[in-house]
Amino acid sequence: MFQEMKPTELNENVFDLIGKQWLLVTAAKPDGTCNTMTASWGGLGVMWGKNVAFLVIRPQRYTKEFIDSSETLSISVLPDGYKKQYGYLGSVSGRDEDKIAKTGLTVVKDGETPYFEEARLSMICRKLFAQPYDPEAFLDKQVDADCYPQKDYHTLYICEIEKVLVKEQ
């Protein structure tokens, strides 16, 4: 069972949450199929007077098709003990198999937005902005060289956090 809280009530170290615990970014296509991917880059903050999540997705990621075809997405954080599932979901493509089923995770929905029953925290988000990274915009050219040797630049998504769902203890 989940309890809803406001984004402003979230009391997490975002550097630990995103960089060490990791996230699952999940979206559904209009036909109801969904896909997820592991993310360890991004941010939470305020933009345009809204509480937002900043997500970056590479063009070759299958989940990007789902994100691009939906108005909403979820960001879920699994409890301790799920690193194996995170690793699998981040390294296997949903194009090739039903990777969610293989991890044993259970998809549930808030309206049309999929998230995971096993999550300790899920943020239901609405996309506000999407823009591919422009290589000319890198002021530190070493970041471009180190992170984009194949020139597969991320798309930046800014999403309003409409709802935070926390697993009741």
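Analyst: Buried means under 20% relative accessible area, exposed over 50%, and partly exposed in between, with a 1.4 Å probe and protein chains only. The model is predicted: local features need pLDDT of at least 70, side-chain atom pairs count only at pLDDT 80 or more, and totals for chains, interfaces and linings use all residues. Residues are numbered from 1 along each chain as its sequence is written, and side-chain values use heavy atoms, with hydrogens and water left out.

User: What percentage of the 169 residues of the protein chain count as buried?
Analyst: The protein chain has five helices and ten strands; helices (H or I, at least four residues) and strands (E, at least two) are DSSP runs, numbered from the N terminus. The C-alpha atoms fill a box of roughly 45 × 40 × 30 Å along the principal axes. Of the 169 residues, the buried share is 41%.

User: What radius of gyration does the protein chain have?
Analyst: The radius of gyration is taken over C-alpha atoms, and the globule rule is 2.2 Å times the number of residues to the power 0.38. For 169 residues a compact globule would have a value near 15 Å, and the chain agrees with this at 16 Å.

User: Which residues of helix 1 are buried, and where do they lie around the axis?
Analyst: Helix 1 covers residues 14-21. Its buried residues are Leu17, Ile18 and Gln21.

User: Which residues of helix 3 are buried?
Analyst: Among the elements covering the buried residues of helix 3 are helix 1, strand 2 and helix 4 (99-103). Lys84 and Ser91 are exposed on the other side of helix 3. The buried residues of helix 3 are Gln85, Tyr86 and Leu89. They cover an arc of only 100° around the axis, which puts them on the same side of helix 3.

User: Which residue of strand 10 is the bridge partner of leucine 55?
Analyst: Strand 4 and strand 5 (residues 50-57) pair in the antiparallel sense over five bridges; two strands pair if DSSP finds at least two bridges between them. Leucine 44 stands opposite alanine 53 in strand 5. Strand 5 also pairs in the antiparallel sense with strand 10 (residues 155-167), over six bridges. There, the partner of leucine 55 is tyrosine 157.

User: Which residue of the hairpin of strand 4 and strand 5 takes a positive phi?
Analyst: The hairpin has two residues between the strands. The residue with a positive phi, near 55°, is tryptophan 48.

User: Which residues have the most contacts inside the largest nonpolar core?
Analyst: A nonpolar core is a set of buried Ala, Val, Leu, Ile, Met, Phe, Trp, Tyr and Cys residues joined through side-chain atoms within 4.5 Å. The largest one has 32 residues. Contact means heavy atoms within 4.5 Å, and isoleucine 75, leaving aside its neighbours within four places in sequence, is in contact with residues including Leu23, Leu55 and Met123. The residues with the most contacts inside the core are Leu73 and Ile75.

User: Is aspartate 152 buried or exposed, and which side chains does it join by polar contacts?
Analyst: Aspartate 152 is found in the loop between helix 5 (141-147) and strand 10. With a relative accessible area of 11%, aspartate 152 is buried. A polar contact is a pair of N or O atoms within 3.5 Å; within protein, one must be able to donate a hydrogen and the other to accept it, and residues adjacent in sequence count only if both atoms are side-chain atoms.

User: Which side chain makes a polar contact with the side chain of threonine 72?
Analyst: Threonine 72 is found in strand 6 and is buried, with a relative accessible area of 17%. At 2.6 Å, the polar contact is with the side chain of threonine 113.

User: How far is the backbone oxygen of isoleucine 67 from a polar atom of the side chain of lysine 127?
Analyst: Lysine 127 lies in strand 9 and counts as partly exposed at 22% relative accessibility. The distance from the backbone oxygen of isoleucine 67 to a polar atom of its side chain is 2.6 Å.

Definitions and conventions. The arc is that of the directions from the helix axis to the C-beta atoms.
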